[in-house]
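Please read these notes with the model open beside you.

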Amino acid sequence: MTFQVRDPVHGFIGLPRAVARLVETRPLQRLRGIRQLAMASLVYPGALHTRFDHTLGVAHVAGLMARSLGMHDDAELVECAALLHDIGHGPFSHVSEYALERYADRTKLHAEQKKEKIHELVTAKVIQTDSELLDILGRVRCDEVIQLLGPGQGRPALRSIVSGPLDADKQDYLLRDSYFCGVQYGVFDIHQMHRSLCLEGARDEEELMIDPDGIHTIEQFVLAKYYLTRNVYRHKVRLISDQMIVRAIMLGVEVDQYPELVELYAFDDSEAFVKKYLTWDDARFMQAFAAPHLPKCGSLLQRLIERRLLKRVFTRKVRDFREDVRELVMALGKKENDAVRAAIEMEVASLLSSQFKMEIDPAFVIAHSFSVRSVRESSRNDEAGILVATSPPRTFESESTLFASINEAYIDQYVQMYAPVAWPTAAEKNKHCRHAKEGIQEAIESACLKSLAGVKP
Amino acid sequence: MNSYDFVHLSLHAMGGEIRGKTKLQKTIYFLGVLTGRLDELGFRAHYYGPYSSEVAGAVDRLLGLGFLDSSTASGGAIDRFGFEVARYDFRLNEAGQRTAESKASKYSKEWNSLQIAAGVLKSASEQDYIRLSIAAKTLFMLGGKTATSDQLASVAEKFGWSVTAQQISNAAEYLKKLGLVEIE
């Protein structure tokens with residue numbers, strides 16, 4: 001007996017009843033309130049889909065993959081892991097990941113936990129402690145799921161379905177994000193891809209490979225990811241809106257010091273933390289924190305609600321900076337570099353204040369550096385290691401002439417500055433940005449040099 | 001020192017240049033083993049021996065920051081093991097070397113140990129990436145400091161791709177030269 005639900009991307013999604021019981025639990029239902037692409041709807045109005053839809057899609061794809069590879073005995077385990085893989089997501093998904101990393105109480109974590117990503121620890125803690133999940137799955141199955149979702153353990157082929165360059169997560173999000181954004185970039189032939197997947201090697205040590213007939217499908221998949229990354233995930237408005245939420249959280253915790261916000265991200269590995277954390281979603285976050293009693297955090301979130309976005313006043317490749325500051329420029333988002341980042345933002349606010357002849361609050365000026373392929377993603381997105389099942393197997397990289405050029409396009413790294421300014425026309429915008437460019441680059445380089453020399457910025 | 005700095009300094013310690021992505025991966029793997037920092041580098045089992053996407057990411061980052069140049073050398077043919085058709089060569093440019101120098105002063109203790117490890121690796125003088133891969137996978141599969149000839153034979157059986165007893169024996173010799181395995 002299977003549970004079936006209509007899905008705009010995959011048609012009917014079917015899950016075994018035993019697995020589908022998870023869908024009715026509160027931790028899964030909470031994902032209906034967390035948008036898949038945070039505030040991307042500000043630029044793609046259709047992008048209102050949630051982690052819940054995506055989760056169902058991933059479970060569906062994971063089940064298809066496991067069964068098409070003949071792993072019938074493990075299909076349910078993979079489906080459970082797929083259903084639970086995003087269960088630790090907080091409001092606005094990846095924005096919360098950053099906040100958890102920044103504000104987790106590491107003094108309360110075990111030594112072996114300190115190297116792990118906090119949102120993955122949250123996911124594991126939810127699975128370990130939620131009574132509904134435990135009732136349905138039992139302790140043993142919960143531990144198997146945690147192991148499969150965690151780093152480095154479990155049958156390699158199953159792990160490849162849950163997390164790897166061709167995993168079910170990516171297959172679903174490319175198709176789903178394309179569909180809901182109304183773009184055609186993420187489309188690839190998923191059925192042909194599944195036909196092309198195969199396992200090579202001894203049982204329990206198999207490697208997931210692709211049949212030579214599937215190379216073009218994988219190329220299509222890699223291209224889809226690249227186009228979506230460039231056009232959706234790294235879209236200017238998406239970057240700005242994400243950074244506005246990140247900054248709002250920082251201001252709420254560090255300046256407004258609002259206890260509810262402080263508690264939300266202070267992960268301490270306790271069951272009490274997880275219980276509270278699971279009550280949050282996007283809507284509750286906005287309702288609680290886009291409020292007048294939080295002068296800094298609230299007003300920045302209010303700007304987002306009203307779509308009064310910060311403007312990008314500066315963008316430059318990091319490699320165009322003097323060589324001795326490049327690494328620091330690229331690491332401005334790290335907590336240990338708060339002082340230099342704040343110094344840059346202060347200086348840029350002052351420059352822009354005189355240029356625009358208005359007072360600009362440095363707290364709302366944001367320096368943001370990133371690579372086209374973020375470090376967070378790279379460990380699970382490295383297609384170079386995919387093997388083509390020729391005899392002997394060859395790397396996809398050596399089989400696909402297209403791949404190398406796409407891969408090279410990912411390495412660019414940028415630093416951008418966003419500020420609360422406005423311009424009436426594109427010509428005015430260009431004029432202002434040209435005018436500010438040199439001064440901003442100097443401000444960044446000078447603050448970085450001072451920091452490297454040990455001078456307090 | 002994080003994995004990115006380790007890769008940067010490893011390239012510097014190896015003379016600023018490594019030819020081929022496979023060779024780069026295996027070189028960093030052995031440097032990780034020899035310096036006792038392997039656990040920090042994210043290597044996992046892969047069909048053709050240990051592979052780390054963290055190391056690949058560090059290389060991308062060095063390229064993106066303009067510290068590393070890459071060029072493609074195409075031999076035109078695919079060897080019988082199916083390794084690289086086009087070979088990617090990596091060379092630290094002047095900016096990359098200068099930055100590495102300043103890192104070497106900052107992490108002087110780690111740099112010294114990397115230099116010693118690079119010296120051991122260079123003196124074992126294995127240039128061939130296939131032999132390096134076999135050695136890396138053999139070490140990964142043995143998982144200990146000592147090995148008997150029976151263990152080596154069983155490694156060959158589980159290898160995944162076809163290797164001869166002679167190739168495994170050469171790999172064992174190489175590992176012995178590096179001081180990583182004693183053959184009983």
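1. Helices (H or I, at least four residues) and strands (E, at least two) are DSSP runs, numbered from the N terminus. Residues are numbered from 1 along each chain as its sequence is written, chains are lettered from A, and ligands are numbered from 1, in the order in which they are written. This is a predicted model: local features need pLDDT of at least 70, side-chain atom pairs count only at pLDDT 80 or more, and totals for chains, interfaces and linings use all residues.

2. Start with α22 of chain A, residues 426–452. This helix has 27 residues and spans 37 Å from its first C-alpha to its last, close to the expected 39 Å. The expected span is 1.5 Å times one less than the number of residues. A kink of about 40° is centred on A:K437. The bend at a residue is the angle between axes fitted to the seven residues ending there and the seven starting there. Just after α22(A), A:G454 has a positive phi of about 85°.

3. Which residues of α22(A) are buried? They are A:A436, A:I440, A:A443, A:I444, A:A447 and A:C448. Buried means that 20 or more other C-beta atoms lie within 10 Å of the residue's own; 12 or fewer is exposed, in between is partly exposed, and C-beta atoms are placed from the backbone. An α-helix has 3.6 residues a turn, so residues three or four places apart point the same way. The buried residues of α22(A) pack against β5 (311–317), α17 (326–330), α18 (338–356) and β9 (413–419) of chain A.

4. Now α18(A). It has 19 residues and reaches 26 Å, close to the 27 Å expected. Its buried residues include A:R341, A:E345 and A:E347. The buried residues of α18(A) pack against β5, α17, β6 (366–371), β9 and α22 of chain A. A:K357 follows the helix with a positive phi near 50°.

5. Strands β1 (residues 2–7) and β2 (residues 11–16) of chain A pair antiparallel over 6 bridges. Pairing needs at least two DSSP bridges. A hairpin of 3 residues joins β1(A) to β2(A). A:F3 stands opposite A:L15.

6. Chain B has 8 helices and 5 strands. Of its 184 residues, 46% count as buried.

7. Confidence in chain B is lowest in α7(B), residues 149–157, at a mean of 70, and highest in α1(B), residues 3–13, at 96. The complex gets an ipTM of 0.81 and a pTM of 0.89 from the predictor.

Technical notes. Two residues are in contact if their C-beta atoms, placed from the backbone, lie within 7 Å. pLDDT is the predictor's confidence in each residue, from 0 to 100.
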